[in-house]
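Work through the exercises below with the sequence and the 3D structure at hand. Try each task before reading its solution.

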Amino acid sequence: MLKLPLREFPIIPGKRITLREIQPTDLLDILDISYYDGQKASTVEQAAAMQNLIQQNYHEGSSVHWGIALNDSNILAGTCGYYRGFEKEAGELGCILLPQFYGKGFMTEAMNLAIEYGKNTLRLKRIWAETSNSNQAAINLLNRLGFKKTADLEEDEVIYDYVY
């Protein structure tokens with residue numbers, strides 16, 4: 001299994017989007033979707049502090065978190081990444097998209113790029129996602145990507161595993 005961090009942050013180009021490192025200049029654009037440990041940022045300063053923690057996690061080798069940049073403008077439409085599990089050759093894949101980019105296929109492309117990176121570069125043996133039963137958009141996305149429901153958790157949460 002490839003160990004993080006890499007000398008250079010992984011940039012993954014796609015047809016319409018690129019997974020890239022989030023820059024301080026991106027924070028205002030993604031303030032509405034800036035979260036860390038279940039807590040939402042309400043100011044750019046909080047988002048910057050969260051991004052610093054996310055970068056620290058990357059440098060410790062426990063996560064990789066990308067901005068989803070549109071190729072035609074470099075504007076971030078959302079974020080995705082692996083957030084835990086590397087010590088077991090596994091990764092929890094999560095994502096969030098700004099509402100103005102819903103329904104355009106950007107998240108499907110981003111998640112496919114992240115899945116391929118997880119399988120082929122990180123050589124993860126397991127990729128999973130956790131969501132709530134009420135998040136039908138996320139469940140539809142996971143099903144489209146080849147995930148299968150594997151567990152029901154407390155408080156309406158479910159786990160989906162990617163089927164290799």
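**Exercise 1. Backbone exceptions**

In which loop is the place of R123?

Solution. 
- Step 1. The model is a predicted one. R123 sits in the loop between α2 and β8 (126-132).
- Step 2. The general rule is that most residues other than glycine have a negative phi, and most peptide bonds are trans.
- Step 3. N74 is not a glycine either, yet its phi is positive at about 65°. N74 belongs to the loop between β5 (64-70) and β6 (76-82). With a relative accessible area of 43%, N74 is partly exposed.
- Step 4. For the peptide bonds, look at the one from L4 to P5: it is cis, with omega near 0°. P5 is part of the segment before β1 (12-13).

**Exercise 2. The chain as a whole**

State how many helices and strands the protein chain has, and decide how its radius of gyration relates to the globule rule.

Solution. 
- Step 1. The protein chain holds three helices and 10 strands.
- Step 2. Their order along the sequence is β-β-β-β-α-β-β-β-α-β-α-β-β.
- Step 3. The radius of gyration is 15 Å, and the globule rule gives 15 Å for 164 residues, so the protein chain is as compact as a globular protein of that length.
- Step 4. The C-alpha trace spans about 40 × 35 × 30 Å along its principal axes.
- Step 5. Take contacts between residues at least 6 apart in sequence: 54% of them join residues at least 24 apart.
- Step 6. The accessible surface comes to about 8900 Å², and 50% of this belongs to carbon and sulfur atoms.

**Exercise 3. The nonpolar core**

Which residues have the most contacts inside the largest nonpolar core?

Solution. 
- Step 1. Of the 164 residues in the protein chain, 46% are buried.
- Step 2. In soluble globular proteins, nonpolar side chains tend to be buried together.
- Step 3. The largest nonpolar core here has 48 residues, and L19, W66, Y82 and F147 have the most contacts inside it.
- Step 4. Helix α2 (residues 106-121) gives the most to this core, namely eight residues.

**Exercise 4. Aromatic pairs**

Classify the ring pair of F101 and F106, then that of Y162 and Y164.

Solution. 
- Step 1. Two numbers are needed, because a pair of aromatic rings is described by the distance of the centres and the angle of the planes.
- Step 2. Rings pair if their centres lie within 6.5 Å, and planes over 60 degrees apart count as edge-to-face. By this rule there are seven aromatic pairs.
- Step 3. The ring centres of F101 and F106 are 6.1 Å apart and the planes are at 70°, so this pair is edge-to-face. F101 and F106 are both buried.
- Step 4. Y162 and Y164 also form an edge-to-face pair, with 5.4 Å from centre to centre and 80° between the planes.
- Step 5. For burial, the limit is under 20% relative accessible area. Y162 has 15% relative accessibility and therefore counts as buried. Y164, at 48%, counts as partly exposed.
- Step 6. Ring pairs also link W66, Y82, F86 and Y117 into a cluster.

Key:
Residues numbered from 1 in each chain as written. Heavy atoms only, no water. Phe/Tyr/Trp six-rings, centres within 6.5 Å; stacked < 30°, edge-to-face > 60°. Buried < 20%, exposed > 50% of the residue type's maximum accessible area, 1.4 Å probe, protein only. Core = buried A, V, L, I, M, F, W, Y, C linked by side-chain atoms within 4.5 Å. Helix = DSSP H or I, 4+ residues; strand = E, 2+ residues; numbered from the N terminus. Rg over C-alpha atoms; globule rule 2.2 N^0.38 Å. Contact = heavy atoms within 4.5 Å. Areas by Shrake-Rupley, 256 points an atom, 1.4 Å probe, with all protein chains shown as cover.
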